[in-house]
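Here is a short briefing to read beside the model. Keep the sequence at hand.

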Amino acid sequence: MRSIWKGEVSFGLVNVPVKVYAATEDHDLHARQVDKKDGVRIRYKKVRDDNGEEVEFADIAKAYESEEGEMVILTKDDLASLPVEQNHEIEVTEFVPADQVDPVAFDNAYFLEPASRSNRAYVLMREALQQTDRLAICTFTLRNRTRLCALRVYKDVLMLQTLLWPDEIRPAILEGLDKEAKVRPQEVKMAASLIETMAADFEPEKYEDDYQNQLKELIEAKAAGGEAFTVEEKESSDDDGDDEVADLLAALRASVKDRGGKADDADDEDDDEDDEDSGSAKKTASKKSGSSSAKKTPAKKAAAKKAPAKKAAAKKSTAKKSTSSKSDSGSSGSGTAKKSTASKSTAKKAPAKKATARKTPAKKSA
């Protein structure tokens, strides 16, 4: 890299000699204007307004309009005579908290390299900025312009970030925000849940400029006489966009579930009182139905418990019948005894286990 400026960073009585390098570069592919018939490049010529004659680049000067409307020509020597142009100093005016400078004000970035044999002052300033978590607000002149800038630390390097002047940032007056829509608390909560499922550390290396990559692919394909991509037809829609937010909460829930998060399936609370009352009524009804279901469950269990008792009673009657038939098959008195015993066993179904235990010796004796 080649330095574009050389000077000193001064704060108090400390001076840090530095060299300035451009920290960013453009990677976009730039198109040239050509004649579409044969691809011959089109060039622009500098011509006079009065007669249309072409003017050479060496004969072109800069002119500024005065308050009276007169055009004043300034040469490079005139611009170099300005006092700010003769000042090769990045003057620190104050140190401010880093979070007080909004990123919208950041413009171009420049690396600062130590320009002296010893980089002790450079390292000292870097360490002090890191420990205090502050930005150094500076002013300096670069390319005929006085610039406001912030000095900060970027990956163990002092970086000079030019700032836009306050009047260069437009006020955020937007018609779409004249009437602010009401957002329900459930929607805010679900949106926050979605943000949490997508939270990660910023790793710029995993992102690529898809447009530039596809543009290169298209250029190579066209140069080879082929086609790289096919155009997909998009259906035209006359919707004004209201349908997109018709069920915002449902879309948020689906997004959270798709990301593997937990979505709250509880009933939504509306702002209107009528909706709140109806929601309460629904919840009460659901509680009642839940309680009735809970009550019915033990009844089913009791019925299930009775079934073995019936089987035990059946075994008792069978055992009695077999015993009585062996003792006296033709006796009517034994038949009466059978009936009375069967009625007793039916009335006393609970102690089925005891009755079964008593009948066991009877079977052995038989």
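How many bridges join β6 to strand β9 (residues 157-163)? The two run antiparallel and are joined by 5 bridges. This is a predicted model, in which local features need pLDDT of at least 70, side-chain atom pairs count only at pLDDT 80 or more, and totals for chains, interfaces and linings use all residues. Residues are numbered from 1 along each chain as its sequence is written, and side-chain values use heavy atoms, with hydrogens and water left out.

**Strand pairing**
- Helices (H or I, at least four residues) and strands (E, at least two) are DSSP runs, numbered from the N terminus.
- Two strands pair if DSSP finds at least two bridges between them.
- Strand β6 (residues 106-114) also pairs with β2, in the antiparallel sense, over 5 bridges.
- Tyr21 stands opposite Phe111 in β6.
- Leu112 stands opposite Leu158 in β9.

**Lys19**
- Lys19 sits in strand β2 (residues 14-22).
- Its relative accessibility is 27%, so Lys19 counts as partly exposed; buried means under 20% relative accessible area, exposed over 50%, partly exposed in between (1.4 Å probe, protein chains only).
- Leaving out residues up to four places away in sequence, Lys19 touches Ser3, Trp5, Lys6, Phe111, Leu112, Glu113 and Ala115. Contact means heavy atoms within 4.5 Å.
- Lys19 and Arg2 are 17 residues apart in sequence, and their C-alpha atoms are 9.4 Å apart in space.

**Helix α2**
- Helix α2 (residues 120-132) has 13 residues. From first C-alpha to last it reaches 18 Å, close to the 18 Å expected at 1.5 Å a residue (1.5 Å times one less than the number of residues).
- Tyr122, Met125, Arg126 and Leu129 are the buried residues of α2.
- Down the axis of α2, these buried residues fall within an arc of 100°, so they line one face of the helix. The arc is that of the directions from the helix axis to the C-beta atoms.
- Exposed residues Arg120, Leu124 and Gln131 are on the face of α2 turned away from its buried side.
- Asp133 follows α2 and has a positive phi, near 55°.

**Nonpolar cores**
- A nonpolar core is a set of buried Ala, Val, Leu, Ile, Met, Phe, Trp, Tyr and Cys residues joined through side-chain atoms within 4.5 Å.
- The largest nonpolar core has 20 residues; Val9, Ile90, Leu112, Met125, Leu151 and Leu160 touch the most other members.
- The largest share of this core, 4 residues, comes from β7.
- Beyond its neighbours within four places in sequence, Met125 contacts Val9, Phe11, Val16, Val92, Leu151 and Leu158.
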